[in-house]
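Q: I have a model open and want to learn how to read it. Can we go feature by feature?

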Amino acid sequence: MSTVRLVEISKQYGATVAVHELSLAIADGELVTLLGPSGCGKTTTLRMVAGLVEPTQGRVWFDDQDVTDVPPRRRNIGFVFQTPALFPHMTVADNIGFGLSVKKVKKDVIAARVGEMLALVGLAGYGARLPAQMSGGQQQRVALARVLATDPRVLLFDEPLSALDRNLRDSLKYSILELQRRTKKTAIYVTHDQSEAFAISDRIVVMNAGRIEQIGTQTDIYLRPETPFVAEFIGATNGFRGRVSRLDRDGDDTRVEVTAGALTVRCRAPIELAVGDEVLAYVRPENVVVLDDRDGSGYENVVDGQIDRVIFEGPTAQLRVDVGGREIRADVSGGLRLALVERQGRVRLGFNDVTVIRAPATDGTPPRDEAAATTAAV
Amino acid sequence: MSASSVPSTAPLVTSTRRPARRRWTSRRMTDILSHGYIWFCLAVFVLPFTALLVYSFTGPGGTYAIENFQYVLGSFGENLWWSIRVSVLSVAIDLAIALPAAYAIVRYPVPGKRLIYSLLSLPLYVPGAVIGLSLVIAYNFTYHLTTSIWGLVLAMVVGTFPLMLTPIIVALKDLPVSFEEAAECLGASRWQTFRRIVFPLIGPGLSAGLMLAFIIVFNEYLVTLFVHPSDVTTAPLRIFNLVRTAGLLPTTAALAVTMQLISFATVLVFFRVFGTRYLKATYLI
C-alpha cells in the first residue's frame, strides 16, 4: 500500500522542457490517469515515478520515503510498457517468475506464485508457452501478471493498450481496472485515449506542454473545463472567442452575454467577469438541439443557420450548421437523426450549458506564464 | 484438375490465362537465366577447391593415397595446434573487449562515440602488410613482444576486433531497451539483466562475431608472417613455407584441405546452432 507524491518535478532535455514543475499527489489505492496529446510529458512523468528517467529538479515520494535517488530495481514498482516486452527466450512462467527469481526466492515458492498469477489474469495452463505463441492481448496479460507477481507498491502503465486492436482494448481496459481494484494497488496510467481514461480512472490529470492543465473526475473535466486546452482536447466542442457584452447580477447568479462577431450567447458566469473581458465560450455538440419549428422556450440561446453538411455516424448524426459565418456542430441522436440525413436548407438550433473561460492573452498557444498569471488573477 | 467440378469457370480461366503459352514468358526465361548464372558462379568458385581436394589424395605416380593426411596429424599437427590456440585466444580476447565496448557505445551517451567506433574499425580498411609492419615496429621498440605467442595473439586481436564489435553493436541496436527496463523494474541488478536478458538475446550477433573472427584468425597469413615468433609456425604459414621451398606437394594440399574443413565446420556449426538471422544472404543452409 502506497501513496505517491511528486513535488515540483521537472525534466529538461537540453533546451527542451519535457515536464515543468509538476506536482501531484496520488492516494493509496487510487487509479490516476495522465491524459494528454503525444509530447505533453505524460510518459516522461511516469518514467520519473519509475526511476527510468532522472528528474532535473524536484522530488518523488512513495509514502514518506524520498525515492528520487533510488534506482528502479529498488523502488518495487510494476511497470507495464506499451509493448508487452516479454522476454522472448523465456516461457510465460519464467517471465512471470523473473521478478522473484532475481530476488533468489525458492523455486517452489515461485512456481506457486506463478500459478496464482496465471489464474488471476485468466491464463491458467499457459505457463509452458513462449511469448511468441500467444496473441497480443494474452501477452499484455502476461506482462500484467509479471508485474503483479512481485507485489509492487505502485503500478505504472505506459499506454499498455495502444498496440492492440480496438475490441481487445475495450475488454483489456476493464481487466486492468478489475485487477487494480482487486489488488488495491496505487496506479498511474498514461494514455492519450480519452475513452480509456474515462473508463478506468478515479481521477484524470489532463496534461499539455509539460504541465498539468486540470485535475478532476470525469465529470469535472468534461462539464467544467478550466482551461481552453481542456475544453478543446476533451470531447468535441464548439468554441467561440469573444467579449463579455453584458453582465446581469441577480444575487449569487451572474449571467453574461458573450458577443463573438455576429453571434451572441448567454449563459451563467462560472467565474468572476467584467464587461469587456475577452473570453472563450464553449458548447458541446450533444447539447445543441435542433428546434425546427418548435418554440425555443427553455433555451437560453436560439440561433438560425444554414445546414452545411450532415454526417451520419450510426448512433448519432453530425449536423454542421453555418451560423453567421461560424460553424456550429450539433450531434443528434434518436429518431430525429434519420430524418436529418437528407435535410438541407435552414435550421433553428437551441442550446444551454455554455462554458465560459477567460481567454489567454493571445490567440493560438498562449505564452505559458501569462496564462498562469491570468488563472491566478481569477 | 477440378475442371469437371467447376465447369462454368474453367473456360473463362483458360481463355484469359492461356496456360500453354505461359511456360515461356519472359519472367520464366529470366528465372532460368538467373539460376543458371548462380550455378555457373558456384562452379567457378568451387572448382579450384575440388581440384585441391583431388590433389590432396594423390600418391606417388598418380595413385590414391590417404597417407598424405597422416602428415597433417604428424608433422603438420603442431602447426594446426598453433593455429587453433592463436585463434581461440584471439577470439576470447576480442569478445572480452568487444562486449562491454559495444554495450557502452549503444546504450550510453559516450561523447564522440562515432569517432571511437570509426577508429576501432580502422584495421578493416588497413592492408594486412601495413598492420604487420606497424606492429613489428611497435613490438620491437616498445613492447618487446616478438618472442612470445602473445605478440601474435594481440596482432590478431587488433585486426579482427571490429569484426567482433560490429555484429554485437547491430544486435544491441536491434534489441529494444524495454527488455532491459522491464528487467530493471522487476528488481534485476545490472549484472542479472545483462546475464539473463541481454546476453541470450544478442546471441546471434555474438556468434556471428565469433565465427567471423575465428575464421579470419585461423586463416590469417600476412600479418602472421610479420609478427610471428621464430618458434611459432601456424598452419597457413607452414603451407606458404612448404610451397616456397619444396613446391606443390600432395601433403601440403592435405594440410590445406584440413584447414578448409575446419573453417567449413565452424561455419556449419554456427548456422546449425544460431540460425541465420545475421548472415541471411549465404547459400549454406
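Q: What should helix H3 (residues 26–56) of chain B span, at 1.5 Å a residue?
A: This is a predicted model, so every value here is computed from it. The 31 residues of H3(B) should span 45 Å. The end C-alpha atoms of H3(B) are 45 Å apart, which agrees.

Q: Where does H3(B) bend?
A: The bend is at Val46(B), by about 35°. A proline, Pro48(B), follows within four residues.

Q: How many residues of H3(B) are buried?
A: Start with the helix geometry. An α-helix has 3.6 residues a turn, so residues three or four places apart point the same way. Now the case here. The number buried is one of 31, so H3(B) lies largely in the open.

Q: Next, the sheet. In what order do the strands of the open sheet in chain A run?
A: The general idea is that strands of a sheet pair through backbone hydrogen bonds, either parallel or antiparallel. In chain A, five strands take the order S15-S19-S16-S17-S18, with antiparallel pairing. Strand S15 (288–290) and strand S18 (326–333) of chain A are the edges, and each pairs on one side only. Direction ignored, neighbouring strands of this sheet are turned by 45° against each other on average.

Q: How many bridges join strand S16 (residues 301–312) and strand S17 (residues 316–323) of chain A?
A: Six bridges, in the antiparallel sense. For one residue pair, take Arg309(A): its bridge partner in S17(A) is Arg320(A).

Q: What is phi of Asn76(A)?
A: About 55°, again positive in a residue that is not a glycine. Asn76(A) lies in the loop between S5 and strand S6 (77–80) of chain A. Asn76(A) has 19 other C-beta atoms within 10 Å. The cut-off for buried is 20 or more, so Asn76(A) counts as partly exposed.

Q: Last, the interface. How many residues of chain B are in contact with chain A?
A: The size of an interface is often given as the accessible area lost when the parts come together. Here we count residues: 14 of chain B are in contact with 17 of chain A.

Q: Which elements give two or more residues to the side of chain B that touches chain A?
A: Helix H9 (177–185) and helix H10 (190–201) of chain B. H9(B) gives the largest share, six residues. By class, this side of chain B has eight nonpolar, four polar and two charged residues.

Terms used. Residues numbered from 1 in each chain as written. Chains lettered and ligands numbered in written order. Predicted model: local features only at pLDDT ≥ 70, side-chain atom pairs only at ≥ 80, totals over all residues. Pairing = 2+ DSSP bridges. Axes fitted to C-alpha atoms, helices over the stretch in contact; angles between N-to-C directions. Buried ≥ 20, exposed ≤ 12 C-beta atoms within 10 Å, placed from the backbone. Contact = placed C-beta atoms within 7 Å. Nonpolar A, V, L, I, M, F, W, Y, C, P; charged D, E, K, R; others polar. Expected span 1.5 Å × (residues − 1). Bend = angle between axes of the 7 residues up to and from the residue.
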